[in-house]
Amino acid sequence: MNRRTMPVTAALAATAALLLTGCGGGSDSDSKDNDKIAGADDGSAKPKKSVDPSGAPAADKPDGVDVSLPKSMNLVFDWDRPKDKNEAAAMDDAANFFRAIYRGVDKRTPKDAAVTAYSTGGGLHYAKVQINEWIKGGWTADGTLRHYRATTRSAANGNSVEVAFCADASEFYGKEVKTGKILKTEKSVKDFDYYKIVMVKYPTGSGLWQANKVFVETKAAKCQ
């Protein structure tokens, strides 16, 4: 059984509408054809620095927050950074947002410092729901989760950037924590998702961006 069929289709059946329409409110169509990015004017929460004094390499600790993952969790971001400085920074932290989610899965807590650093508002809610469902199911993750075909666009106020991309989880599987059994399925359209993440600039001039809203299109055939 792969990642997508486990926490979203099965464990989150009761909240499927929430994930499909974006945990921050609104729907995928809200940000598709509207020049105004949903959530562009929302504020952001104060990030917390990691209290983990581990010897994680500097590359794994952007903004002083540990986003390192075990080797069994391979998150690939196969995209080119845009030339715009803000959009590039927002894209980098959108990647850190997903690293934070799976770090929370690995650490078995939605309260990891990386989660609270790289998300706020609806983005924080989305991260907590995802992590908690993995924990309740008794699963961790194993394999490669690939993100690609990324695009960015900025809000007029310069404080919000929409980062959109595809995700391929066909080689990213659930693994039972107690037994170590990897749950695999055949590759299908269920493995492909299309995300739109509204990243908001943390108002300190530090260059930190946080995921404020998450819009997800599951079974995204356009990403195959």
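Y195 counts as buried (under 20% relative accessible area, with exposed over 50% and partly exposed in between, for a 1.4 Å probe and protein chains only), because its relative accessibility is 2%. This is a predicted model, in which local features need pLDDT of at least 70, side-chain atom pairs count only at pLDDT 80 or more, and totals for chains, interfaces and linings use all residues. Residues are numbered from 1 along each chain as its sequence is written, and side-chain values use heavy atoms, with hydrogens and water left out.

F98 is likewise buried, at 3% relative accessibility. The structure holds 9 aromatic pairs, where rings of Phe, Tyr and Trp (its six-membered ring) pair if their centres lie within 6.5 Å; planes under 30 degrees apart are stacked, over 60 edge-to-face and the rest tilted. F98 and Y195 form an edge-to-face pair, because their planes stand at 80 degrees, with ring centres 5.0 Å apart. This pair joins distant parts of the chain, 97 residues apart: F98 belongs to helix α4 (residues 85-107) and Y195 to strand β5 (residues 192-201). Helices (H or I, at least four residues) and strands (E, at least two) are DSSP runs, numbered from the N terminus. Ring pairs also link F98 and Y195 into a cluster with F77, W79, F97, Y126 and F165.

Helix α4 also holds Y102, which pairs with F172 in strand β3 (residues 160-176), 70 residues apart.

R146 lies over the face of Y148, 4.1 Å from the ring centre, and K222 lies over the face of Y194, at 4.0 Å.

Methods: A charge sits over a ring if NZ of Lys or CZ of Arg is within 6 Å of the ring centre and within 35 degrees of the ring normal.
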